[in-house]
Every structure is written in structure tokens, then in C-alpha cells.
Amino acid sequence: MRTILLTIFLVLSPIAVFAAHTGHSEDGQHTKHYEQSLFKMTDNGLYSVEMVIKDKDLKVGVNTLDIIVHDKSDKDVAGAVIKVVPWMPEMGHGVFEKPVVKERGGGTYSIENIILIMEGRWELRLKIKNNNTEDSVIFDFPDVIRSASMSQDEHKMMHSSAPADVDTSTARESVKKLFRASYASDVTPIPVGRIISWKVRVETADGSPVKNAEVVLSGEMPEHGHGLPTMPEVTEGAIPGEYIVQGLKFSMPGWWVMTFKVKTQDKEDVITFNLIVP
Amino acid sequence: MNTIKYAQRYYLLLVRVFIVILALPFHSASTSSAASEISIHSWDQKEISVIRSLWIGSLPPLPKDPSNAFADNPAAIALGKRFFFDSRFSGNLKVSCATCHRPDMSFTDDLPLAHGIGSNTRRSMPLLGVAYNTWFFWDGRKDSLWSQALGPLESNVEHGFTRTSCAYLITRNYRHEYEAIFGQIPDIKNAVASPATKDIIALKTWVSMTPAQRDEVNRIYANMGKAIAAYVRTIVPGPSRFDMYAKALIDNDTTILSKTLTPDEVQGLRLFIGKAKCTNCHNGSLFTNSDFHNTGVPTPPKMPRDSGRADGIRKVLADEFNCLGKYSDAGSGECAELRYLDTNTTKYSGAFKTPTLRNIAQRAPYMHAGQFQTLREVLEFYRKSDSHELGHSELSDKELGQLEVFLHTLSGPVIAN
């Protein structure tokens with residue numbers, strides 16, 4: 001009887017079933033409501049967060065999800081202030097639009113308007129604040145891809161202008177923190193429609209120059225979905241750790257993401273620069 | 001005497017007061033109407049910098065063409081101009097460069113498909129400011145203006161001529177002028193011979209010539225292209241009404257703004273650089289990014305699909321008259337565009353060059369095969385596009401009209417040597 005009721009509830013209202021316990025989390029103390037959900041404890045162990053993504057996986061485009069927040073003693077947390085920041089850790093930028101958090105009751109919060117603007121590794125960084133206690137948790141999505149069908153509206157929402165928090169520094173660390181790199185253009189400010197050259201310095205994390213590496217550059221405009229109009233070449237320069245990029249051209253003003261793949265005998269990593277061409 | 005002077009002064013004073021009184025209401029009226037106009041004409045710094053980038057005053061000097069040592073040679077310009085208008089360089093003695101590139105039509109024509117000896121599969125390109133391009137023709141199959149000029153001469157639907165006939169005609173009719181620029185010209189026998197023609201007999205005649213003979217012909221033919229290019233380089237746009245507006249805005253001369261463009265034209269400009277995102281491709285003072293895009297323009301009925309730039313990439317690399325070829329004057333380090341050419345033919349399949357929008361209102365029909373008769377049709381096409389980059393379902397009819405009237409403000413004089 002209980003099972004039948006539960007089934008009816010499941011069909012009629014996904015939110016209503018949160019009260020019904022269907023399983024336990026890995027730590028054995030916190031309740032997990034869904035089979036196909038993500039479950040994590042916050043960094044300081046104050047809350048448990050169960051995440052149910054509407055379309056099962058996050059995708060490039062507009063996403064909606066629910067989270068169920070419990071406290072240490074597995075009680076629903078009501079009235080919490082929750083902040084969600086989508087972030088691309090490898091790229092050093094977030095999104096154009098802020099996600100909208102709405103409390104649904106029973107410890108459930110829906111998060112709408114999560115607009116992921118490109119494929120790749122994304123994090124959802126959650127901050128939960130309740131009764132003067134605050135804790136945070138990061139959900140990691142290593143491979144967010146474009147969904148097969150994206151509406152024109154969805155596309156437009158994604159493509160407005162560069163994210164306000166874009167990191168445009170010309171010196172950055174590689175994704176796996178194996179290398180550090182910096183670049184300098186032979187022409188500044190960077191022109192549109194003209195072939196220029198860059199000098200790139202690549203060093204290890206402890207600051208020694210990286211020699212004899214294979215360096216490949218690609219460029220992309222995330223807002224427009226296209227790349228560079230030329231095929232630039234990267235060759236090793238005269239100074240150890242210096243690489244020369246030749247044949248680089250930008251066809252449009254705006255936000256460009258420049259990705260260097262650096263490969264040495266024993267290490268391989270990726271360094272990304274954000275760049276606003278005036 | 002004094003009395004008269006006083007009377008005069010008094011009278012003058014009265015006149016002045018009267019003038020001031022007369023002027024007052026008008027003056028206040030004009031300031032209030034000016035205030036409402038100022039709001040239309042107020043632009044933020046970012047917008048002003050975009051308008052400045054479109055302004056003709058931002059057009060840099062003509063780019064050097066290292067592959068053409070005669071690009072700015074006055075004698076070459078004069079000779080090139082004569083070649084440009086000489087219809088003897090054609091199979092039927094009727095077709096010159098000016099047949100399709102008419103000086104009275106911004107150096108293009110008004111046909112959907114170019115028509116020389118026969119009918120082409122694409123529209124004639126405008127030559128306005130063409131020397132600022134990196135790639136030439138709709139598909140960019142040429143990397144210099146001089147190399148471009150050689151293409152139509154040997155096309156069986158354009159001039160229907162051969163390089164050997166060109167070289168022979170030059171020895172007969174332009175020997176003196178040619179030698180003054182390029183040095184001594186060898187004697188060339190008249191022959192219908194070319195490696196780049198559909199005429200199988202001309203091809204056979206070409207291969208039966210000695211390598212030295214072929215080289216002599218090629219050299220003269222390339223120089224002919226260099227002279228034509230020197231002339232065509234001088235064809236540049238003059239200032240339009242938009243440029244006057246941009247200049248007034250840059251100089252902060254508010255009195256001229258409202259006299260230069262109508263409110264609808266100004267709103268069109270605002271849409272052009274803003275919501276309608278036209279400047280994504282039509283940027284810089286020639287309103288083009290000189291790149292290639294597949295915008296989904298329909299293939300005209302009964303015509304095969306045109307792969308555009310994808311084919312152009314292959315052709316420019318194989319071209320004997322390209323920047324890295326034997327007849328180019330460029331050093332090997334001066335051909336960066338060809339050297340770093342993006343060879344991704346998938347990306348450029350069906351892509352065509354973004355044309356300049358200068359004098360666009362006078363250049364109907366539109367697109368690479370003249371698919372649209374009016375600017376309105378072009379704007380409607382982009383509004384309806386289901387491409388994420390191009391589609392603009394949010395633009396109203398009124399806004400489309402404003403964009404259209406703005407495009408008319410880009411017309412100006414054509415300057416040519």
C-alpha cells in the first residue's frame with residue numbers, strides 16, 4: 001500500500017516525495033531521496049546537499065535543477081540563503097547571467113537560469129547560509145557538452161557579452177598547475193584583421209623555463225562559436241622557455257579564449273587566456 | 001551734429017533691443033527642440049568608439065602590396081587604367097574590365113550574375129576600396145589584386161581570352177608604355193594559348209611552347225595584372241552622410257548632428273552597431289571583416305551548390321600567381337596570409353566574402369549570386385534566419401526600415417585615378 005502511494009506521489013509531484021525516504025547516502029547518516037542524484041556534504045560538514053538535475057546532465061544552454069538541503073542531523077533546512085556560481089575552473093570565468101534560487105519547502109530549493117556558455121569542465125559552487133552558519137560545496141562536472149537541440153532563444157541568452165568576471169590576465173597557471181605561462185603581443189592594443197606575433201614564456205610551477213616543448217595554440221570566440229581566421233604556428237624562440245607564435249590574426253573585436261597545449265617529454269597540460277580584443 | 005549722433009545711437013540701441021526681443025521666443029523654441037534632438041544624438045563612449053571605427057577617417061592608408069613592386073607606380077597606374085577600359089583584350093573584342101566593373105555603378109554592375117562573353121555563376125564584385133582586402137573574389141581564390149585581375153581575362157564566360165594573346169596585344173599596342181615600367185619586352189607570337197582555359201586547343205598550344213616561351217608570356221601577363229592592380233588600387237570610397245555624422249560626433253559638434261541624419265537614420269545606426277549586431281561582420285571603415293561566412297543564402301534556382309571559400313582555399317594554394325609564386329615580388333617572409341591560411345575546408349564550405357557596405361544602396365541586386373533584389377529583402381532574410389548568429393526575430397518592421405534607411409547613408413562619391 002505504501003509502495004503504491006509512493007508511486008502515485010512520484011508521478012504526481014517530484015517535490016512532494018522528498019519527505020519519503022528511499023535510501024541512505026554513503027555516510028549512512030543522511031537521506032538520499034533519488035537513485036539518480038548527486039550527493040555531497042558541504043566542506044565543513046554542516047549540510048548535506050542532494051542535487052537532482054532536470055535533464056539528468058548539465059548541458060551547454062539553460063539548465064534547471066533542484067537541491068535538497070539537510071542539516072547535520074538530517075533535518076530539512078528551511079529558509080537558507082543559497083548562492084550558486086557556475087564556474088569554469090580551467091578557463092577562469094563564469095557566466096553572463098546569475099542563476100535564480102527559489103525555495104520550494106521541505107528543504108528543497110530549485111535553481112533556475114543556470115546558463116552554461118560553452119563546453120568543457122564546469123563547477124557549480126554553492127554557498128549555503130542559515131542562522132549565521134555558512135558552508136559551501138563544489139559540484140564538479142568534468143565534461144559538459146552541447147545538447148543536440150538548442151533553441152534560438154536559449155542561444156541568444158548565452159551570447160550577450162563577455163562574462164563580467166572574466167580573468168584577462170596575460171600570465172596564468174595551467175589547468176593541472178604543471179606550468180605557468182605569460183604572453184606578450186608585438187602589436188598593442190591587439191588589432192583586428194592584421195597578422196601579429198606573440199611571444200609566450202612557459203615555465204614550470206617552480207619557475208624554471210620549459211624547453212623543447214611542443215606548443216599548440218587554438219583560439220575561440222565562445223560568444224560566436226567560431227575560431228581564428230588563420231592557422232598560427234608556434235616555434236621555440238632563442239631564449240629558453242620562450243616560444244614564438246606567428247601568423248596570429250583576430251577577425252573580430254570581443255572576447256577570445258586562447259588555449260595553449262604544452263607537451264614536454266613527461267608532462268602535458270593546458271593553459272588558457274581570456275582576451276578582449278578592442 | 002551731436003544731436004544727430006545721439007539720435008543715431010538711440011536708434012541703434014532700439015534696433016538692438018528689438019532684435020533681442022524678436023529673437024527671444026525663437027531662441028528658446030530652438031533650444032527646446034535641440035534638447036529633444038540631443039537625446040537621439042547622445043551616444044556613450046563605447047558607441048562613439050564603434051562609430052569612430054566605422055568612420056572613413058579611420059581608414060588607414062592603402063596597405064602595401066609586397067607582391068606587386070609597381071602597385072604605387074604612377075606610370076603603371078596610367079597603363080593599368082588603359083588596360084582596364086580596353087575591350088580588345090577579349091574573345092569578341094567587346095568585353096573590358098569596365099564591362100562588369102562600371103565606373104558609374106561603384107565599379108560593379110546591376111546584374112544578378114556577371115555577364116561577359118557568357119554568363120557567370122556569381123555576381124560581379126564591387127571594386128570600391130578593394131585594395132584593402134586580403135583575399136579576392138567571393139571565394140578568396142586569389143591573394144593579391146594583380147593576381148585577381150588575371151582571372152577574368154582567361155575565363156571563358158568573362159573575357160574569353162588567353163594570356164598569350166594578352167602578351168601579344170601588349171607588344172603590339174603598348175610596347176613603349178610597358179617597357180618604360182617593366183623593361184624590355186620580348187617578341188611574342190600571336191597564339192591562342194593558355195594553361196588555364198577550358199579551350200582544349202589553347203591548352204595544347206600552350207604545352208607545345210618551350211618553357212622559356214611560356215615564362216616570357218607569364219611574365220608579361222603578370223605585369224599586365226600588376227598595372228591593372230595599380231589602377232584599381234586607386235578606387236576608394238569618399239565620405240558619405242554617415243561619415244559627416246561620425247565626424248560631427250567625434251568633434252562634438254552638436255549643431256551638425258541633426259542636420260546630417262534624420263531620426264530614423266540615427267536609430268538605424270543605433271541598431272546597426274547595437275541590437276542588430278551587424279558590426280559582428282560589417283566592421284571597420286569599409287564595413288567588412290574581410291572574412292568568409294556561410295550565411296545560408298539560398299542557391300539560385302537551377303544552379304549547382306557553390307562551395308565558395310572551401311574551393312577558394314584550394315585554388316589560392318595551387319595558383320601559380322600567388323604571393324609565394326615565381327611572378328610575385330614578395331620575399332618569402334612577406335606572404336604571412338598565405339603561409340598561415342586556414343585550410344579547414346569544412347569550416348568554410350559554402351562561405352563567401354563579407355562585402356563592403358559602402359555605396360550598398362546603389363549596388364542592387366545583393367549577395368554572391370544576386371539572390372535579393374532589394375536591401376529590404378536582405379534584411380528580411382537575416383531577420384528570418386534560423387542561424388543563432390544571424391537570426392533577429394526580435395526586430396520589428398519599423399526597426400528593419402530604420403536599418404534600411406541607415407544603409408542609404410553609406411553612399412558617397414567614388415574616387416578613382
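# Notebook: chains A and B of a predicted model

I began at B:D342, where a polar contact of 2.6 Å joins its side chain to that of B:K347; a polar contact here is a pair of N or O atoms within 3.5 Å, and within protein one must be able to donate a hydrogen and the other to accept it, while residues adjacent in sequence count only if both atoms are side-chain atoms. Before going on I noted that this is a predicted model, in which local features need pLDDT of at least 70, side-chain atom pairs count only at pLDDT 80 or more, and totals for chains, interfaces and linings use all residues. I also noted that residues are numbered from 1 along each chain as its sequence is written, that chains are lettered from A and ligands numbered from 1 in the order in which they are written, and that side-chain values use heavy atoms, with hydrogens and water left out.

**Entry on B:D342.** I found B:D342 in the loop between helix 14 (336-339) and strand 3 (352-353) of chain B, where helices (H or I, at least four residues) and strands (E, at least two) are DSSP runs numbered from the N terminus. Its relative accessible area is 6%, so B:D342 is buried; buried means under 20% relative accessible area, exposed over 50%, and partly exposed in between, with a 1.4 Å probe and protein chains only. The side chain of B:D342 also reaches the backbone nitrogen of B:N344 at 3.0 Å. Leaving aside neighbours within four places in sequence, I listed the residues in contact with B:D342, among them A:L228, A:P229, A:T230 and A:M231 from chain A, and B:I313 and B:Y348 from chain B; contact means heavy atoms within 4.5 Å.

**Entry on the interface.** I counted 2 salt bridges between chain A and chain B, a salt bridge being a side-chain nitrogen of Lys or Arg within 4 Å of a carboxyl oxygen of Asp or Glu. A:E233 forms a salt bridge with B:R339, with the closest N and O atoms 3.2 Å apart.

**Entry on the core of chain B.** I then looked up the largest nonpolar core, which has 50 residues, and those with the most contacts inside it are B:F83, B:F84, B:F89, B:I170, B:M224 and B:V232; such a core is a set of buried Ala, Val, Leu, Ile, Met, Phe, Trp, Tyr and Cys residues joined through side-chain atoms within 4.5 Å. The largest share of this core, 11 residues, comes from helix 9 of chain B. Leaving aside neighbours within four places in sequence, B:M224 is in contact with B:F83, B:F89, B:L153, B:C166 and B:I170. Apart from this core lies another, of 38 residues, including B:F242 and B:F287.

Helix 5 of chain B has 8 of its 9 residues buried, so this helix is largely enclosed by the rest of the structure. What covers its buried residues includes helix 6 and helix 9 of chain B.

**Entry on salt bridges.** The structure holds 37 salt bridges over all chains. In chain B, the side chains of B:D86 and B:R88 meet in one of them at 2.8 Å, N to O; B:D86 counts as buried at 7% relative accessibility, whereas B:R88 is partly exposed at 36%. B:D397 forms a salt bridge with B:R383, with the closest N and O atoms 2.7 Å apart, and this pair links helix 16 (residues 397-408) to helix 15 (residues 375-384) of chain B. I noted too that B:R376, B:E380, B:R383, B:D397 and B:E404 are linked in a network of salt bridges.

**Entry on chain B as a whole.** Last, I recorded 16 helices and 4 strands in chain B, with buried residues making up 51% of its 417 residues.
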